[in-house]
Amino acid sequence: MQARDRLVVAADLSSRDELLRLVDELRGAVGVIKIGLQAFVANGPEIVREIVAGGEKVFLDLKIHDIPNTAEHAVAEAAALGASIITVHTSGGASMLRACAHPGALVLGVTILTSLDDAEVASVGYRGSAMESAVRLAAVAQAAGLRGVVASPHEIGAIRKACGDQFVILTPGIRPAGEAAGDQRRTMTPAEAVRAGADYIVVGRPITNAKSRREAALRIVDEMATSLPSAGG
Ligand code: C5P
């Protein structure tokens, strides 16, 4: 995979026109467009169909978490829309994860949200630190047949060790040097995340709030390319 293919842009906008403008501005510069709850709730499944029809890869980040039957059918519908990557919550448990391991898409398990620190992780009842919880949940996801997880960049090394080289790790909580962290707590720069072994990085506001969003994306791809082991950007 080239550096560009590894950059996922979180298109966290409400208006269809703004979403399609962002996709146009980024065409050819990034690998995947992430449609999350904001864009999906505001526009419905049609926004996914439209972006896929325009030739882009879509990551539908709905973080599905429900009983196995409901979750399985939601994943199947997301795959039928043309989404290439789909998220489910690993805390839904092994049966839900097994039901969600759809062959037609890359189904990733969300481990611990990157906005949570150790204190919040403990306050909702997880045993151990954010890191320990994320590694445990990644192992549960792998055993249930998922091909990868979403995790903080700080957890990549430990998850790689537990789950091996073929396991896909996608990481949000990315902030280019000098950018505001906002509500993200456990962040890294794009270069650091790639060096740590991330397969995909997710970047939202540092691109969507930039004066030139295309330039911001291209800068991040360049930074990733120089950090890839093969320098294969
Ligand atoms: O704007 P920012 O770069 O913080 O966006 C990160 C994106 O990644 C958001 O769309 C958020 O929902 C998503 N995400 C996350 N942490 C996770 C899973 C997804 O920040 N564990």
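This is a short tour of the structure above, stop by stop, with something to select at each one.

**Before you start**

The model is predicted, so local features need a pLDDT of at least 70 and side-chain atom pairs count only at pLDDT 80 or more, while totals for chains, interfaces and linings use all residues. Residues are numbered from 1 along each chain as its sequence is written, and side-chain values use heavy atoms, with hydrogens and water left out.

**Stop 1: the largest pocket**

Select D12, K34, K63, P172 and Q184. Of the 31 residues lining the largest pocket, these five are the closest to its centre. The volume of this pocket is about 600 Å³. A pocket here is found on a 1 Å grid over the protein atoms alone: it is an open set of points where a 1.4 Å probe fits, with protein on both sides within 12 Å along at least five of seven lines, and a lining residue has an atom within 4 Å of a point. Grid points are joined across faces, edges and corners, and the volume is the space filled by probe spheres set on the points.

Next, colour α3 (37–43), β3 (57–64), β8 (200–203) and α11 (205–208), the elements that each give two or more residues to the lining of the largest pocket. Helices (H or I, at least four residues) and strands (E, at least two) are DSSP runs, numbered from the N terminus. Which element gives the most to this lining? The answer is β3, with three residues.

If you colour the lining by residue class, you will find 13 nonpolar, eleven polar and seven charged residues. In this scheme Ala, Val, Leu, Ile, Met, Phe, Trp, Tyr, Cys and Pro are nonpolar, Asp, Glu, Lys and Arg are charged, and the others, Gly among them, are polar.

**Stop 2: the ligand**

Now show the ligand and the 17 residues around it, among which D12, K34, R175, G204 and R205 come nearest. A residue counts as near when one of its heavy atoms lies within 4 Å of the molecule.

- K34: a polar side-chain atom is 2.7 Å from an oxygen atom of the ligand.
- G204: a polar backbone atom is 2.8 Å from an oxygen atom of the ligand.
- K63: an N or O atom of the side chain is 3.5 Å from an oxygen atom of the ligand.

**Stop 3**

Most residues other than glycine have a negative phi. Is K63 buried or partly exposed? K63 counts as partly exposed because its relative accessibility is 27%; buried means under 20% relative accessible area, exposed over 50%, and partly exposed in between, with a 1.4 Å probe and protein chains only.

At 12% relative accessibility, E56 counts as buried.

**Stop 3**

C100 is buried at 0% relative accessibility, and C163 is buried at 9%.

**Stop 4: a few pairs to span**

Draw C-alpha distances for these last selections.

- P68 lies in helix α5 (residues 68–80) and is partly exposed at 32%. P68 and G92 are 24 residues apart in sequence and 8.3 Å apart in space.
- I156 belongs to helix α9 and is buried at 0%. V194 is 38 residues from I156 along the chain, with 9.7 Å between their C-alpha atoms.
- H154 is in the loop between β6 (148–150) and α9 (156–163), partly exposed at 40%. H154 and E215 are 61 residues apart in sequence and 27 Å apart in space.
- G44 lies in the loop between α3 and α4 and is buried at 15%. From G44 to E155, 111 residues apart along the chain, the separation is 33 Å.

Conventions: Polar contact = N/O pair within 3.5 Å; in protein donor to acceptor, adjacent residues only side chain to side chain.
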